[in-house]
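Subject: Structure handover

Hello,

I am passing on the structure for you to look through. My notes on it follow below.

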Amino acid sequence: MRRAIRAVVLLFGVSVLCFLFTEMAPGSFFDEMRLNPQISPETISGLRARYGLDRPLLVRYGRWLMSVVQGDLGFSIAYNAPVAPLLWSRARNTLLLTITAMILTWLIGVPLGVWSAAHHDRWLDRIVETGNSLLISIPEIVIALGLLALAVRSRTVPVGGMMSIDHEELSTWGRLQDVLRHLLLPAAILVLSGVAIVIRHVRAGVVEVLEAPYVRAGRGLGIGQTRLLFRHVLPVAASPAISLFGLSIASLLSGSLLVEVATGWPGLGPLLVEATLARDLYLVIGGIIFSALFLIVGNLIADLLLLTSDPRIRTGGLDAE
Amino acid sequence: MKFPAEPSCDKTVLVHRLSVTYLSDRAQPVRALDQATLEIRPGELVGILGESGSGKSTLAAALLRLLPADARYDSGSIVFLGLNLLALPEAELQRLRGAKVALIPQDPALTLNPVLTVGDQIVEVIRAHIRSTRQDRRTRAEELLKEVGFDQPRRIYTAYPHQLSGGQRQRIVIAQAIACRPALVIADEPTSKLDASLQAEILSLMREISQRYQTAFMLISHDPTVLAGFVDRIAVMYAGRVVEEGRTEDIFRHPLHPYTQALVRLCSRYLPESGTRTRFASIAGEPPSLSDPGAGCPFARRCPERMKVCTERDLRETIPQPSHRVSCFKYDQ
Amino acid sequence: MTNSASPMEPPAQAVLRVSGLSKSYRGKGVGWQRMDVIVAVSEVEFEIFAGQTLALVGSSGSGKSTVARCVTRLEKPDAGHIWLHGADIAQLHSHELRSLRPQLQMVFQDAATSMNPSFTAAEVIEEPLLIQRRGDKSARRTRVKELMQEVGLPPEWADRSAMDFSGGQRQRLAIARALALKPKLLVLDEALSGLDLSTEAQIANLLLDLQASHSLAYLLISHDLALVARLADTIAVMANGRIVEHGSASQVIANAKHPETLALVAATRVAQTHLAAMGAAL
């Protein structure tokens, strides 16, 4: 409960900061227009008045808050429409990409992490570790470009965008397939960039617990290796992985910006990039608030998960002295 | 719940001249056990008296065949319930551990899984060895909790280790060890991490269990008084060797080995004192380095009765009194 | 006739005088769970003189470790006074405590956990000197060797890694470290627990020798009455955060009244009975 209240306060704080920062950033939406001799200064000032840009900062903030309450999240100058629906349609695409990527990453990462921990310091583990180090050290952009090049060469996977040109004419199943095929490339990039860290965290957590006295005691009582691993080790080793999971959720909206821009996936990322460059004030602020929301919710979920998985946190025992 | 019947043997455990070396540092292998010999009869209570580095924990681990990967069995044999432990495959050993031989480890705070309820942890042991239904196991676990002294087994079943006191945790670990009615229970310093006042309770609980089920106990301790009220025989260990072994009264009344004599003298700390700030009886020097033991008797350096021969010849075991053996040159002239 | 000492004024001779010491903890609740308040220590009072030992005994949870932590200001007491040589340290800020810390040092149970495993013996011992900025490098080196000799460790071992020492030797290191700043009072929190009997005897004798040669005052925290009987001048028995019996060591043991004291005495009696039954050659 306390955390939820803190979250709301945080969101407020973020929005205020946003306003201040964008205010400090040079330039405004109408700069380009000003340079255009065909548009008269009166038109510009008229437009400015219309969008309330000539009012003082506090008033603008107040009006923006009103708009939040009404569900609009402000008004986009470039698109001439309320911000919220714009954001939401793009955010849906981003989420499709990131959630798919996240599921795949964890589906691959957790078993590999557990497996290499169980065989740790043997050849399997060493291979995985080397592969990991490699992946972690290669920046995401390089992975993106590399896979793009591969895709173009091999012509197996569509490159760019979310849908083919004839998307509308396809059947429902066909449309689904189409989107999925387009999803492959950006998802692959995200998975390759992220899986190494998951494997590392899971492996480290499991290795540490494997050495613990209670695992050795379990072995001493004749409990088999497999059962030990799943019933005794994993629940304890899960904690660092769960924290990471929470962080992954937190970055669902914000982590894929680079990939979206590189592959032309119509998500939140490219929209925000455009808006920032164009100084489309409320769109930018709206986008940031949206991402911040996800971050906070993600952290809350992580905390809740940790609560349910580790009874020590739940029952809050104070150690007998 | 049915427990599998035992083949009857005259000895539960027979360790014969067992030597174990740790190879963790190639340049300096550590000789943890040196020709150790010990036997335990069914239902017998045997004490291992030894300080850190004496090899007592290695002996316990060897009986469970749970030595670390870098340990090597140099020579000797371990026969448990008629089975040659050194020749058994891991699958067989797993069937023995917890079912026929169980360990009560030293620090229950560390050896209980923090995220499982204590009841579930007892059930895990049963599940590993006895075919049973979930309900059976649960009932048996609650029975065991009652046996080890809990008045409210149902409530304790759902508790987590961190919610219990040190003494309670020790009882849980004992419940785990006796869950499958093993033939031998090894208790490694069961009271050293507990308050002195709990010691008597825990020991009497173990004695009860031994009498009720004819379970043999191997109690390891560095404190002779802990063994005094509990075991029938004591084997004294030093630097990986069993240096003396005999009935408890003989060890206390007529200790033969100078080290044993010194250990018994240490017990004067328990005697009431007339003045305050009295010095403690102590043993001079430090335990020997196990990677470089030198020739002869390992205790020679610290021995008040050291003779020239003590650092020259190899030690032999002699039996100067009935049922009382010792490895000391004083008795080997 | 006037009573020149007001209730708040400490007598000059006591190295440590504690009065009205109290401390509580909030239990940790999560979210909407209730948070219980646990009273760890309540109205504790005692004094220790130079060259003397006061033992605080009790079972786990009695509050004795909390008292130790308050006295050394590892924690701040909720109420009460702690006079160290006449200065009340109970509510001082950390920078004010700094100049007083050298007088009061602590030795814990299981030295290994109180030491940085990557340090050498010399680094462990000289740490307090470094923190209080005493002397230059060679002066520190000399002092380290001096201290090692005093606690019975060969000075040649100064550059060995602390983890290469045995349990008993590490405890000696911890004592050497505690003596580095020439304190007047040592708080020994279960410092002899968990050691083999022979090691315990050696360390206990060392502590007795050091006490005699440096006129050290000791606050000894322990659950083992047998140990305490031989080391302490006065005993204070704690149960549920309060002192329930307090007096000279021999009196408290001989005339035990409170159930807690009786339980502790009973534990030593058990050992004595077993030894007598065995006819031990003592």
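Contacts between chains A and B

In this model, 18 residues of chain A are in contact with 25 residues of chain B, two residues being in contact if their C-beta atoms, placed from the backbone, lie within 7 Å. On the chain A side, helix H9 (213-220), helix H10 (225-250) and helix H14 (311-315) each supply at least two residues. H9(A) gives the largest share, five residues. Helices (H or I, at least four residues) are DSSP runs, numbered from the N terminus. By type, the side of chain A that touches chain B has nine nonpolar, six polar and three charged residues. Here Ala, Val, Leu, Ile, Met, Phe, Trp, Tyr, Cys and Pro count as nonpolar, Asp, Glu, Lys and Arg as charged, and the others, Gly among them, as polar.

The model is predicted: local features need pLDDT of at least 70, side-chain atom pairs count only at pLDDT 80 or more, and totals for chains, interfaces and linings use all residues. Residues are numbered from 1 along each chain as its sequence is written, while chains are lettered from A and ligands numbered from 1 in the order in which they are written.

Contacts between chains B and C

Between these chains, 37 residues of chain B are in contact with 38 residues of chain C. Helix H8 (196-213), helix H9 (224-228), helix H10 (248-253) and helix H11 (258-266) of chain B each supply at least two residues of the side that touches chain C. That side of chain B divides into 13 nonpolar, 13 polar and eleven charged residues.

A residue of chain C

Leaving aside neighbours within four places in sequence, C:Leu219 is in contact with several residues, among them C:Leu16, C:Ile48 and C:Val187.

Regards
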